[in-house]
Amino acid sequence: MNDEKWMEFAFQLAKQAIGQTSPNPLVGAVVVKDGELIGFGAHLKAGEPHAEVHALNMAGEKAKGATLYVTLEPCSHFGKTPPCSELIIKRGIKRVVVAALDPNPLVSGRGVKALQDAGIDVEAGILQKNGHELNKVFFHYIQTNTPFVTLKYAATFDGKIATKTGDSKWITGEEARQDVHRYREIHDGILVGVNTIIKDNPSLTCRLPDRKRTPIRIILDTHLRIPLDANVITDKEAETWVICQDGDLNKKAELKKLGIEVLTLHDQWNIPNILKILGERGITSLFVEGGARVHASFLKAEAVNELIVYFAPKILGDPEGISAVMGDEALKMSMAHSFEIQSVTKIGEDVKIVSVPKRG
Ligand SMILES: Nc1c(/N=C/[C@H](O)[C@H](O)[C@H](O)COP(=O)(O)O)[nH]c(=O)[nH]c1=O
Ligand SMILES: Nc1c(N[C@@H]2O[C@H](COP(=O)(O)O)[C@@H](O)[C@H]2O)[nH]c(=O)[nH]c1=O
Ligand SMILES: [Zn+2]
């Protein structure tokens with residue numbers, strides 16, 4: 001059936017705007033009449049026209065009696081832009097094919113209902129799985145108001161992320177590290193613990209040549225130990241927020257002078273509350289990139305939505321080498337954190353495994 005072909009094209013369109021639309025979803029739309037492509041578009045940036053608007057504007061008068069394919073249920077509310085469902089009705093579209101319904105409480109089924117009430121034939125669920133995968137971040141954020149958390153680390157075959165002397169350059173090769181920068185580019189925030197700052201002095205920026213943007217850097221630093229000359233403080237390459245439980249007032253003033261946002265949580269110092277605050281500040285996707293104790297705290301809080309592990313074909317063999325996760329240890333195999341592997345890919349010399357936590 002041609003429906004899948006046109007919906008595939010709509011997904012291709014939506015994906016081109018990855019990393020641009022936060023906090024909005026990625027959406028592609030295609031208008032077809034008697035088998036002829038007459039309009040298409042993608043949502044490019046929050047606050048700008050929706051995918052359906054671009055596609056219908058391109059189709060013009062020809063939209064009358066045509067079919068619209070859209071990767072997400074057309075919106076039916078006034079956000080920063082007017083409701084697409086009204087425009088679809090006005091332009092005389094005869095049939096609408098939708099991949100995924102929109103769980104945004106302001107939409108969730110109302111868009112489809114508005115179209116059906118206007119006598120439009122609506123078919124939902126074509127390539128629905130693609131729809132959920134494409135907008136897993138948006139679906140998570142719009143329902144929890146907390147960021148979708150991707151935890152990533154690179155380890156040797158024997159699970160080490162650094163030698164006991166702290167050397168970690170490099171575990172994985174150029175291609176795998178390049179792949180990591182693609183993740184940084186599409187995330188609103190990147191988070192590490194202060195020990196990673198002290199040991200690695202990372203910049204945590206996306207350094208792709210044609211990068212669309214670079215994430216906000218978020219440092220978990222319980223007692224505000226961050227060195228004032230750290231790259232994330234001095235390089236001005238990206239915004240940096242430091243989240244502490246408590247900390248010296250003079251140091252906070254110093255950091256403020258350097259343009260660093262310091263959030264002090266006192267007795268609200270816990271992962272769920274940190275995520276709640278980041279969500280309120282518009283972080284819809286969070287890339288957690290170290291270190292071992294931060295990994296353990298996110299896993300313990302069951303706050304990881306996706307786990308990405310890059311394994312390098314190397315063995316350190318040092319029991320005192322730094323393990324990838326340190327804390328919340330399981331004393332029996334049955335108590336281990338367990339995951340469902342979604343994909344295994346060779347990247348250069350290394351292998352990348354994407355998995356999701358098994359819940360319950
Ligand atoms: N050491 C390795 C990693 N190390 C990841 C560390 O958490 C930290 O992000 C690094 O120091 C990178 O610094 P920057 O932000 O690029 O300046 N991550 C990887 O994927 N492979 C490795 O070999
Ligand atoms: N981007 C997108 C939709 N996004 C939906 O609309 C909400 C944002 O509305 P606004 O603030 O007006 O941009 C967003 O939370 C999501 O529910 N809907 C669509 O029909 N097509 C689009 O291309
Ligand atoms: Zn819309």
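An oxygen atom of ligand 1 lies 3.3 Å from a polar atom in the side chain of lysine 169. This is a polar contact, that is, a pair of N or O atoms within 3.5 Å; within protein, one atom must be able to donate a hydrogen and the other to accept it, and residues adjacent in sequence count only if both atoms are side-chain atoms. The model is predicted: local features need pLDDT of at least 70 and side-chain atom pairs pLDDT 80 or more, whereas totals for chains, interfaces and linings use all residues. Residues are numbered from 1 along each chain, chains are lettered from A and ligands numbered from 1 in the order written, and side-chain values use heavy atoms, without hydrogens or water.

**Ligand 1**

Two further side chains approach ligand 1. In lysine 152, a side-chain N or O atom is 2.8 Å from a nitrogen atom of the ligand, and in arginine 184 such an atom is 3.1 Å from a ligand oxygen. Taken alone, ligand 1 exposes 510 Å², of which the protein buries 90% (Shrake-Rupley areas with a 1.4 Å probe; for residues, only the protein chains shown count as cover). The elements β6 (148-156), α7 (174-186) and α8 (194-200) each give two or more residues to the shell (DSSP runs numbered from the N terminus: helices, H or I, of at least four residues and strands, E, of at least two).

Around ligand 1 there are 16 residues, of which Ser168, Ile171, Thr172, Leu204 and Arg207 come nearest (a residue is near if one of its heavy atoms lies within 4 Å). By class, six residues of this shell are nonpolar, four polar and six charged (Ala, Val, Leu, Ile, Met, Phe, Trp, Tyr, Cys and Pro count as nonpolar, Asp, Glu, Lys and Arg as charged, and the others, Gly among them, as polar).

**Ligand 2**

The shell of ligand 2 holds 19 residues, with His50, Glu52, Lys80, Thr81 and Asp102 the closest. Eight of the shell residues are nonpolar, seven polar and four charged.

| Residue | Part of the residue | Distance to a ligand 2 oxygen |
|---|---|---|
| Cysteine 75 | backbone | 2.8 Å |
| Lysine 80 | backbone | 2.8 Å |
| Asparagine 104 | side chain | 2.9 Å |

Of the 510 Å² that ligand 2 exposes when taken alone, the protein buries 96%.

Histidine 50 sits in the loop between β2 (36-42) and α2 (51-59) and cysteine 75 in the loop between β3 (67-72) and α3 (84-90), so the pair ties together parts 25 residues apart in sequence.

Both histidine 50 and cysteine 75 are buried (under 20% relative accessible area; exposed is over 50%, partly exposed in between, with a 1.4 Å probe and protein chains only). Histidine 50 counts as buried because its relative accessibility is 17%. Between histidine 50 and threonine 81, 31 residues apart in sequence, the C-alpha to C-alpha distance is 7.7 Å.

Histidine 43 also belongs to the loop between β2 and α2, and at 2% relative accessibility this residue counts as buried. A polar side-chain atom of histidine 43 lies 3.4 Å from the backbone oxygen of lysine 45.
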